[in-house]
Amino acid sequence: MLPAKRWEEEPRRLTDRVVRTRGGALCDFGGARIVVRLPGGTTLEVDARGRVHGQNGPLTQPALHGLCLRLGDGSELRLDPGDERFGPREVSIVDGGIQYLLRRRNRVVEGRTRAEAFHGLRYYVAGDGDLLLQLVDFGAFVWVQAIAVHGRGFEDRLVLLGDRIVRGAQRIYEQSPRESVQYPLARKQAQAISGWLIQQFPPKEPRTRKQRLQPGTEPEFVLGDARLRIGRFGKPDRQALVLSLHLAPEADASLEYQATPAGLAVQRVLAERFQTRSRYLGKAIELDDEPGAAWQWSGPLAAPSQRVIALERLAPWLVERAEGVPLEAAGRR
């Protein structure tokens, strides 16, 4: 999904109604629908209600709070929905933190301003434009769902963010006490875990491992003898997931990465015999870096409603585990 090279420095207006993005996508915003012609030959249309259309009709739901179509060159087509009679309220291209205004209602406009925070639906155009994806941040991993696929197969998947896993372990080590009467080996163990994870996800060396869960199996990533297991965290209405690190298949958790809508935190888990007052050693450490930093887009990667839908899709494997779902572990640094 990352661009292979730098293109033009900014979007270029070709006519009153057509603009070309840095990567060569042509956006015709002058008609009843916004037409996006991608360099790979694929064409997408966006109607006034913010629905993305393919050849056989709408692919997405109406975007009541706005639509952001994120392209492979890092630019974004943003649309503030309106109605079929008067068209969208506003259409713009965002690139490099600058918002280029294109249309308001039925009027073509020109202007640029600093890009504002966006709270609507977000979708991603990948490949040669033949993939329309939805990405949802779950802290230590991202849920990737195919909305539309042209000419090839693509399965929904979970992508593990190895850089965030490593950063969490490093933070645990940095904040471990140098001397502890109650837990004298805590710092040494934290250092060992951090070093092992760096070996699994070395800096600037993306690795991809694919595995498919079978019915009745636990959703987990396998890293040699170690396991990274996915489960619910806290009450269901918190919309929270946890990724726990187990250094052996039958071992208790050593670390937990807890993802809520508010962000990601990591905690050191005590051995069961030490859990007399608390399950954890020390307080939770918040990780404030965004998963979007692994790509060229800023976070959040999805709207809250998209997160809820993704949790519903994942629920059978988190609770009932009735079917298989592919997992993809991709360490990025």
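Biologist: Does His246 count as buried or exposed, and at what relative accessibility?

Modeller: In this predicted model, His246 lies in strand β20, residues 241-246. The cut-off for buried is under 20% relative accessible area. His246 therefore counts as buried, with a relative accessibility of 9%.

Biologist: Which backbone nitrogen does the side chain of His246 reach?

Modeller: Leaving aside neighbours within four places in sequence, His246 is in contact with Ala226, Arg227, Arg229, Ala251, Asp252 and Ala253. At 3.4 Å, the side chain of His246 reaches the backbone nitrogen of Ala253.

Biologist: Which exposed residues does the face of α2 turned away from its buried side carry?

Modeller: Leu197 is one of the buried residues of α2. The face turned away from that buried side carries exposed residues, namely Lys188 and Gln199.

Biologist: How many residues has the largest nonpolar core?

Modeller: Leaving aside neighbours within four places in sequence, Leu197 is in contact with Ile165, Val166, Ala169, Leu245 and Tyr257. Leu197 and Tyr257 are among the residues with the most contacts inside the largest nonpolar core, as are Phe138, Phe141, Leu160 and Leu243. The number of residues in this core is 35.

Key
Residues numbered from 1 in each chain as written. Predicted model: local features only at pLDDT ≥ 70, side-chain atom pairs only at ≥ 80, totals over all residues. Heavy atoms only, no water. Helix = DSSP H or I, 4+ residues; strand = E, 2+ residues; numbered from the N terminus. Buried < 20%, exposed > 50% of the residue type's maximum accessible area, 1.4 Å probe, protein only. Polar contact = N/O pair within 3.5 Å; in protein donor to acceptor, adjacent residues only side chain to side chain. Contact = heavy atoms within 4.5 Å. Core = buried A, V, L, I, M, F, W, Y, C linked by side-chain atoms within 4.5 Å.
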